[in-house]
Amino acid sequence: MEYATGKAFSQNTMADLGKYETDIESGDRLYFLNPWNNWYNGVRNCNNSIELIPKVVGLPAADKARLLGEVRTLRASYYFCLVRSFVYVFFIVAKLPYLP
């Protein structure tokens, strides 16, 4: 999804991106919603992990630090994808419940 950067275009006017470019369809299609939802689900899972990893009993402090670093990196990559595709996104760092 390179649309937000201006580097994408659709030669097929019947493709979802082509329909969006010509105002035939709005941005509430699964073409746009699936990446948005999947990346924010990843952010939620990372936030939950960041809160729960320090509470794990029996895990050495070095392993906890490593895991927290990996999870924060993964969360940053989700935000990178969100910003790259949608530009304006919500930055959430609190634990959120799962909402289907």
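Modeller: Helices here are DSSP runs of H or I with at least four residues, strands are runs of E with at least two, and both are numbered from the N terminus. This is a predicted model, so local features need pLDDT of at least 70 and side-chain atom pairs count only at pLDDT 80 or more, while totals for chains, interfaces and linings use all residues. Residues are numbered from 1 along each chain as its sequence is written, and side-chain values use heavy atoms, with hydrogens and water left out.

Colleague: Where does Asn47 lie?

Modeller: Asn47 is in helix α2, residues 30-52.

Colleague: Is Asn47 buried or exposed?

Modeller: Buried, because its relative accessible area is 3%, and buried means under 20%, exposed over 50%, partly exposed in between (1.4 Å probe, protein chains only).

Colleague: What does Asn47 touch?

Modeller: Leaving out residues up to four places away in sequence, Asn47 touches Arg75, Ile92, Val93 and Ala94; contact means heavy atoms within 4.5 Å.

Colleague: Which residues in α3 are buried?

Modeller: Lys64, Leu68, Val71, Arg75, Tyr79, Leu82 and Ser85. An α-helix has 3.6 residues a turn, so residues three or four places apart point the same way.

Colleague: And where is Ser85?

Modeller: Ser85 is in α3, which covers residues 61-86. Ser85 and Pro35 are 50 residues apart in sequence, with their C-alphas 8.9 Å apart in space.
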